[in-house]
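Hi,

Here is the model I promised to pass on. My notes on what turned up follow below it.

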Amino acid sequence: MERSSLASVKSAGLGFRMPHFADIMKRRDEVPWIELLLDNWLCEDGIVADRLERLVNTFPVTFHGVGLSIASSSPVDEEYLQQVKTLLDKSDALVYSEHLSFSRTKSQFIPDLLPFPFTTKTLEHVANKIDFVQTSLNRQMLIENVSAYIDFPNNDFSEEDFITDLVKRTGCGLLLDVNNMYVNQVNLGRDAEKALNHLPLAAVQEVHLGGHEAAEGFLIDAHNNKVCPEVWEIYQQTINLTGPVASLIEWDNDIPSFEVLLGEQQVAQGILNAAKTNKPLVDEIKYG
Amino acid sequence: MDEKQKNPILLDDTEDAFDALMRGELSDLSKLLKDTPIGQSVGVDVYRQTSMSALINAIKETFETCRHILGDDYFNQCATSFCQLYPLFQNDLNSYGSDFPAYMVELVETREELASLKFLCDLSSLEWALNETFFAKKKHPFDLEKFGKLTDEQRGKLTLKLGSDVRLLHSHYNVKDIYTFHRQEENIINECSFDVISDNHFYVIHRGSAETNFELLIEQVDSYNYSVLSAIKNESCFIDLCENFARDIDGDMQPPPFGDYISKGIISDFIL
């Protein structure tokens, strides 16, 4: 049986958060698809399963994970992966995405998306783990670029070259978080526009848009605000290059009214609608 | 040999450095980093704070009533020291905090200012039980038809099972009243207006009987029913339950009220 694909949903969706359950069910016609934070929905039973059933029966859904820890030194947790597979299969998930980061050490889980050095060795290690995940799940996964606050001196690759090689080696897709690109530009001095031109944009199947919090001289990727003008600009540049692609508004903290969230989604949808008449500048995978 | 080969940064090193950071040791991670526009120490501090905040927020959400009683600042201080001592071992923040009631016992025993708040230990146990009940698996209705077809011999040997959502709590304080009082929004600023009674209180925490009912119930029971339910939890066989807990009602020796427990969803299954 052919699996449903995100390629058919080139529209702006919403990251679902529980306080909006009643609103989103009431206004289902205005929301073309939703993304669920995978790790919150792994219970096979109880209230979580009950809510999940109602959501997946109403919306096309994608699942976005935080618990795989693809860049940990340890192998993939196969028990966790089996739970992920069960959830994706029973929910007819359009897409499974994860972060290019780690959250598990040998002694604990750290509830954050932690960066690691982009070296030849880590590339091989992460690529092998992605291969294992895709084979086990019998589906392609998307990898998301993360925001970072520190950098390593001994990187062999830039982030975009590391991602490009991962895509080339594993055939994984790319979830491009344009807010993370901007946060890294401010915090680490990386160049978002240059990164955009080096990434394998034809592999982009989803874009994330979110708001950050401005601290003194740096940005925190808090997903607690509206998308800022600079990020909208990077998004516009991305869509100019890729053509319409499924795009998502993420808002996880200081959650606003559903109306505010829909307003953000409509801005993204407007940009996607305008792009439908233009031919994308990138229509095949270009590496480097 | 180039600099990278001489001093490669391994994923192991990075993980160890973040482990140290979670214990409050900053230097290990800083040694691995290069300078950035925001500065190493700022960047490292963001990770320390965001990771710790995620753990503390999980504790705050689960132990909301304890937080309400202790106040934000004091509770944050307690939660921070708890989170530094107890790492997250499962990849699920909803399961984080099982050790907090035991930690609260330690705090109450060692901190003078908490001497009059001994009930916090049991209150935190109640809040943890409510968290477990909320996330417990859905239970299926007791199979009365199958039970009815059992022979007397089979029935005698079977063990009853409490619902997956059922938790039992014995407290020396009326923690249900304390919990209910502090959950009412209008009481956010008010002092507790009733006495904290030191006595025996027995509670059954569960989600009721209906399959799709997710309302959390804190049911106060007497010592007899609590003992019966504890024996069921400890897998006493049916015949033992009937013999050990038979009681005289109007001159008749009656077994425990299994039918009531089943109709409330407290007993949800049996094993032969």
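Between chain A and chain B there are 14 residue pairs in polar contact, both residues at pLDDT 80 or more. A polar contact here is a pair of N or O atoms within 3.5 Å; within protein, one must be able to donate a hydrogen and the other to accept it, and residues adjacent in sequence count only if both atoms are side-chain atoms.

Before the rest, some housekeeping. This is a predicted model, with local features needing pLDDT of at least 70 and side-chain atom pairs counting only at pLDDT 80 or more, while totals for chains, interfaces and linings use all residues. Residues are numbered from 1 along each chain as its sequence is written, chains are lettered from A and ligands numbered from 1 in the order written, and side-chain values use heavy atoms, leaving out hydrogens and water.

Back to the interface. On the chain A side, α2 (46-56), β5 (102-104), β6 (109-114), α4 (120-137) and α6 (178-188) each supply at least two of the residues touching chain B. Helices (H or I, at least four residues) and strands (E, at least two) are DSSP runs, numbered from the N terminus. The largest share of that side, 6 residues, comes from β6(A). By class, the chain A side has 21 nonpolar, 16 polar and 8 charged residues (Ala, Val, Leu, Ile, Met, Phe, Trp, Tyr, Cys and Pro count as nonpolar, Asp, Glu, Lys and Arg as charged, the others, Gly among them, as polar).

In total, 45 residues of chain A and 42 residues of chain B are in contact, meaning heavy atoms within 4.5 Å. The two chains bury about 3900 Å² between them, 66% of it on carbon and sulfur atoms; that is the accessible area (1.4 Å probe) lost on putting the two parts together, summed over both.

Salt bridges next (a side-chain nitrogen of Lys or Arg within 4 Å of a carboxyl oxygen of Asp or Glu). A:Lys106 pairs with B:Asp16 in a salt bridge, closest N and O atoms 3.7 Å apart. B:Asp45 and B:Arg48 also form a salt bridge, at 2.7 Å from N to O. Both B:Asp45 and B:Arg48 sit in helix α4 of chain B, 3 residues apart, about one turn of the helix.

Cheers
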